[in-house]
Amino acid sequence: MLKHYFAIQAIGKDRSGLVANLTGVVSERFGCNVENSMMTIIGGHFAATMIVSAPGSLNEGELSEALGEIDLGTPVKSVYISPLAEEDFRQVWRVASHEVTVEASERIGLLHQASAALAEAGVNITAASSSCSPDEGRCTVVLEVSLPGEMKSEDLTPILRDKLPDDILIVARPAFHNAF
């Protein structure tokens, strides 16, 4: 059976039921499988990115119209759909081997500084989250990473320490994975 792949991004005001609404449209209404997804709450707004596989006859317009009917609240309401060519869609399961936490007093560019240092060393970031607490004046970045080739756990902290200011707390440890 010929499949089509779509990348779907949605953002809206957070409320109960958004995950069920989005996945209900793609799976129950159109018979799509959610191949990969990341959904979270960012600053009081729901944000989702999904890659879905669809049966042969589904087109971007039909999917866009149906997803556009979901109440994503106001003032933010956005759904974007991008078709993915089958030959360009490679389902690569990059498992994070390590988790890196970087914490510092509130500052601009902490996520960029940490990610740039890791990219320069060939470390792949598989997931990233960050938050700043203005009340406490602290920012925290948590990165799930996959190490290249022969790099070892003990190499992560020196890579970051070499590129980041001295007042930044860096904790690197092997990632914990749940077996499903």
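Which two cysteines form a disulfide, and how far apart are their sulfur atoms? Here are my notes on this predicted model.

1. The pair is Cys-132 and Cys-139, whose sulfur atoms sit 2.1 Å apart. The structure holds 1 disulfide, so that bond is the one to look at when you open the cysteines. As a reminder, a disulfide is a covalent bond between the sulfur atoms of two cysteines.

2. On handedness: the torsion about the S-S bond of Cys-132 and Cys-139 comes out at about 110°, so this disulfide is right-handed.

3. Cys-132 has 46% relative accessibility, so it counts as partly exposed; exposed would need over 50%. Cys-139 is at 2% and therefore counts as buried, the cut-off being under 20%.

4. Cys-32 is worth a look too. Its relative accessible area is 5%, so Cys-32 is buried.

5. Now to helix H1, which runs over residues 18-29. H1 has 12 residues and reaches 15 Å from its first C-alpha to its last, close to the 16 Å expected at 1.5 Å a residue.

6. Which residues of H1 are buried? They are Leu-18, Leu-22, Gly-24, Val-25 and Val-26. For background, an α-helix has 3.6 residues a turn, so residues three or four places apart point the same way.

7. One backbone detail to check on screen: Gly-31, which follows H1, has a positive phi, near 70°.

Technical notes. Residues are numbered from 1 along each chain as its sequence is written. This is a predicted model: local features need pLDDT of at least 70, side-chain atom pairs count only at pLDDT 80 or more; totals for chains, interfaces and linings use all residues. Side-chain values use heavy atoms; hydrogens and water are left out. A disulfide is a pair of cysteine sulfur atoms within 2.5 Å. Buried means under 20% relative accessible area, exposed over 50%, partly exposed in between (1.4 Å probe, protein chains only). Helices (H or I, at least four residues) and strands (E, at least two) are DSSP runs, numbered from the N terminus. The expected span of a helix is 1.5 Å times one less than its number of residues.
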